[in-house]
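Have the view open as we talk.

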Amino acid sequence: MTSLHNDRLLRAIAREPVDMTPVWLMRQAGRYLPEYREVRKQAGSFLNLCKTPELACEVTLQPIKRYPLDAAILFSDILTIPDAMGLGLQFEEGIGPTFAHPIRKKKDINQLTIPNPTQDLAYVLDAIKLVKKMLANQLPLIGFCGSPWTIAAYMVEGRANPGFPLIRKMTKTDPALLHVLLEKLAQAISLHLQAQIQAGVHVVMIFDTWGGMLDNQDYQQFSLHYVQQIVADIKNNEAVHKTPVILFTRAGNQWLELMAQVGCDVLGVDWGISLAEARRRVGSTVALQGNIDPAFLYQSPEEIKQAVAGTLAAYGHGSGHIFNLGHGIPQDVSPEHVGILINAVHELSRPYHTN
Ligand code: 1CP
């Protein structure tokens with residue numbers, strides 16, 4: 001791999017010394033940026049934006065141009081896979097994602113085919129190649145996917161619906177059929193992540209946004225089991241196995257030890273746990289990413305800096321921490337406050353990296 005001008009993220013993942021704690025933010029390209037809203041308007045729809053590599057590349061780079069971030073994350077969405085499976089995805093203003101053909105019956109699930117990423121998701125791979133060219137080895141690029149459980153939650157429900165009652169019912173009424181769906185999604189996601197790596201991303205992240213709604217046993221059988229399969233596929237393929245994997249399960253802090261055992265390199269954590277406790281529990285096996293509450297971005301610059309200081313202190317001395325929010329940037333925060341947070345991470349973290 002060609003060496004990067006800024007490799008802080010990769011060094012922190014490998015727990016090698018860094019000068020400052022690296023920082024990037026979930027949803028760093030998004031509606032809080034006026035320049036994003038402009039391109040989004042030009043694209044006509046969110047899905048068009050994702051499917052036009054030049055525009056996806058442009059919005060991926062927008063936060064990089066504004067702020068001294070330590071990584072870019074590809075602009076795309078976790079729901080591109082069910083879209084490629086033919087579910088008829090649409091993003092409606094004020095409603096969010098909806099599927100024209102939700103997956104509810106045995107027949108629907110049996111008919112699902114696994115997309116070929118180089119054909120059915122070529123626009124994602126093309127966007128990666130473009131971004132890589134534009135980044136010119138300045139920064140690492142993060143690729144991503146949703147977990148099988150999280151993507152299945154949208155496919156069964158047909159839309160974003162907090163609590164996702166239909167898939168939760170299915171865990172009890174037809175677990176065998178649900179496993180067929182999850183198995184297919186694990187294969188599709190695994191292929192897509194490996195294709196993203198082949199196209200050039202330096203790191204991949206698996207978003208298990210809805211794993212935290214399950215009880216302990218169900219989390220392990222319906223979510224973590226399939227994540228483990230995906231990570232194993234990456235680690236067993238010599239062409240891609242060196243690419244680090246970040247696993248983020250929102251509201252999943254009770255399972256940190258279990259997650260650390262699936263073979264991933266980094267665990268993303270939300271603000272439900274202090275980084276001090278998370279590090280005590282898993283710090284010697286994986287790096288940690290997180291974990292400030294995005295709501296701090298609504299506070300004053302002074303309060304934002306204090307929150308950053310508290311998060312850095314909680315992780316403590318040494319490498320292995322990637323600063324991030326515990327979930328995505330809300331769309332109504334001020335871009336100026338986002339800049340204050342990023343600068344504060346760099347300024348205030350230096351003392352934690354001296355010998
Ligand atoms: O109209 C718009 O501009 C749509 C807003 C938006 C954006 C900016 C959506 C719709 N997706 C995205 C981009 C996106 N989605 C990224 C880009 C990279 C970055 O972080 O900057 C990523 C990583 C995602 C991943 C994603 N999509 C997740 C997992 C992370 C998370 O937020 O928990 C999920 C659950 C989705 C589904 C989705 N896509 C969009 C929305 C509004 C939603 C959530 C719907 C819901 O409330 O359930």
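Q: Which residues lie nearest the centre of the largest pocket, and how many line it?
A: Rolling a probe the size of a water molecule over the atoms shows where empty space is left. Here, R27, R31, F46, D77 and F91 lie nearest the centre, among 42 lining residues. A pocket is an open set of points on a 1 Å grid over the protein atoms alone, where a 1.4 Å probe fits, with protein on both sides within 12 Å along at least five of seven lines; lining residues have an atom within 4 Å of a point. This is a predicted model, where local features need pLDDT of at least 70 and side-chain atom pairs pLDDT 80 or more, while totals for chains, interfaces and linings use all residues. Residues are numbered from 1 along each chain as its sequence is written, and side-chain values use heavy atoms, without hydrogens or water.

Q: What is the volume of the largest pocket, and what classes of residue line it?
A: The volume, meaning the space filled by probe spheres set on grid points joined across faces, edges and corners, is about 1,300 Å³. The lining has 25 nonpolar, 10 polar and seven charged residues (Ala, Val, Leu, Ile, Met, Phe, Trp, Tyr, Cys and Pro count as nonpolar, Asp, Glu, Lys and Arg as charged, the others, Gly among them, as polar).

Q: How many cavities of 30 Å³ or more does a search find?
A: The search of the whole structure finds one, a cavity being a set of points where the probe fits but cannot get out. Helices (H or I, at least four residues) and strands (E, at least two) are DSSP runs, numbered from the N terminus.

Q: How do α10 and α11 cross?
A: Two packed helices are described by the angle between their axes and the distance between the axes. The axes of α10 (residues 165-173) and α11 come within 6 Å and cross at roughly 120°, so the two helices are oblique to each other. Axes are lines fitted to C-alpha atoms, for helices over the stretch in contact, with angles from 0 to 180 degrees between N-to-C directions; under 35 degrees is roughly parallel, over 145 roughly antiparallel, 65 to 115 roughly perpendicular and the rest oblique.

Q: In which sense do β2 and β3 pair, parallel or antiparallel?
A: β2 (residues 89-92) and β3 (residues 96-99) pair in the antiparallel sense over four bridges; pairing needs at least two bridges found by DSSP. Q90 stands opposite T98 in β3. The two strands form a hairpin with three residues between them, and G94 in the turn has a positive phi of about 75°.
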